Structure formats: C-alpha cells, structure tokens
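Come along while I look things up one by one.

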Amino acid sequence: MIWCIVALLLFVLEMFSGTFYLLVISASLLSAGLTEWLLQTSNNTNALIATVFSIIGITIVRLWQKKHPRENRANASDDPDYGQTVVLTQPLTDGLWQVHYRGTTWQARFTQPTTAKAGDSAQIISHNGNILNLTSQISTTSQE
C-alpha cells in the first residue's frame, strides 16, 4: 500500500515540475505496489521491480529528449525588442557594452567579434536575462 501512496505523491509533484522523471518513478512505484497487491511479493522484490522499471523508463525519457530537443530560442515575433536598434555608449569588461535603448542604459554583448566603437548602432537579436545580444554594427554616427 505504501508503494501506491508514494507513487501518488510523486505523481502530484510531477504536475508542478513537468520533467517526466517523477512520472516515470511514480509509474514504477505504482507497478511495485500492484505487484505487491496481486502477488504478495516482498519489499525487496518490490524495490527491485521499482528500480528496474525506473531505470528503463528514465532511459526511454532520455532517449526521447535527445531525439526531440526543446527549442529554447525565441522567435523575433515573440519579443518586441528583437530587431530594434541600440546606440553603443561605452565598452565594459568581459566583452560587454553599455548601450542606450528605450530611454535608459542597458548592458549588451555582440554575438560575433566586431570592431564597434562608441556612437555606433547595433541591432538586438535576442537577450540573455537583462543582457541584450546584438548583431554587428549597423552604421556609425561619424563617417571618415
């Protein structure tokens, strides 16, 4: 009976995590509980059943995830900042730039090496937290 109770608790926790791992372990524990109820097996046998089914299930989930990777990149239509122009204010440490955008100062990083300088413009292509990712410079404010 305890196997089924723990399986139910893990099933409920899975609803909050969405990873499928707790679902696999929950199903494994449920199978051990059903085996105990139907065949009156020992706790050692039930633990072995739950362990084997968990390993098999987790392996299946891992293989499926490798075949179907999640696409974490957002589309340009998902964020109104994508495609907008920023003005480079000054270079910072670690390849970051201070940029002016939407009336305030932001930190940004170029996705490819560039020879940009203060006053140049660049385009936002994505962001990582509050750091904007930029394309190479679009234009310069002073022509030589």
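Which residue in strand 2 stands opposite Gln-90? I looked, and Gln-98 is the one facing Gln-90.

**Ground rules.** I keep in mind that this is a predicted model, where local features need pLDDT of at least 70, side-chain atom pairs count only at pLDDT 80 or more, and totals for chains, interfaces and linings use all residues. Residues are numbered from 1 along each chain as its sequence is written, and side-chain values use heavy atoms, with hydrogens and water left out.

**Strand 2 and its partners.** I call two strands paired if DSSP finds at least two bridges between them. Strand 1 and strand 2 run antiparallel and are joined by 4 bridges. Their hairpin has 4 residues between the strands, and there I found Asp-94 with a positive phi near 60 degrees. On to strand 3: 6 bridges tie it to strand 2, again antiparallel. Here Tyr-101 stands opposite Thr-104. The hairpin of strand 2 and strand 3 leaves 2 residues between them, and Arg-102 in the turn has a positive phi of about 55 degrees. I also checked the cover on strand 2 and found 5 of its 6 residues buried (buried is under 20% relative accessible area, exposed over 50%, partly exposed in between, with a 1.4 Å probe and protein chains only).

**Salt bridges.** I noted 2 of them in the structure, each needing a side-chain nitrogen of Lys or Arg within 4 Å of a carboxyl oxygen of Asp or Glu. Asp-81 pairs with Arg-102, with the closest N and O atoms 3.6 Å apart. The partners are 21 residues apart: Asp-81 sits in the loop between helix 3 and strand 1, and Arg-102 in the loop between strand 2 and strand 3. Asp-81 counts as buried because its relative accessibility is 12%, while Arg-102, at 55%, counts as exposed. The other bridge joins Lys-117 and Asp-120 at 3.9 Å, N to O. Lys-117 is partly exposed at 38%, and Asp-120 is buried at 1%.

I then followed Leu-88, whose contacts (heavy atoms within 4.5 Å) beyond four places in sequence include Trp-97, Val-99 and Leu-134.

**Helix side.** I found Thr-41 in the loop between helix 2 (21-39) and helix 3 (43-67). Its side chain makes a polar contact of 2.4 Å with that of Asn-46 (a pair of N or O atoms within 3.5 Å; within protein, one must be able to donate a hydrogen and the other to accept it, and residues adjacent in sequence count only if both atoms are side-chain atoms). Last, the unreviewed UniProt entry annotates residues 47-64 as "transmembrane region"; such annotations may be inferred rather than shown by experiment. In the model, residues 47-64 are 100% helix and 0% strand, with end C-alpha atoms 25 Å apart.
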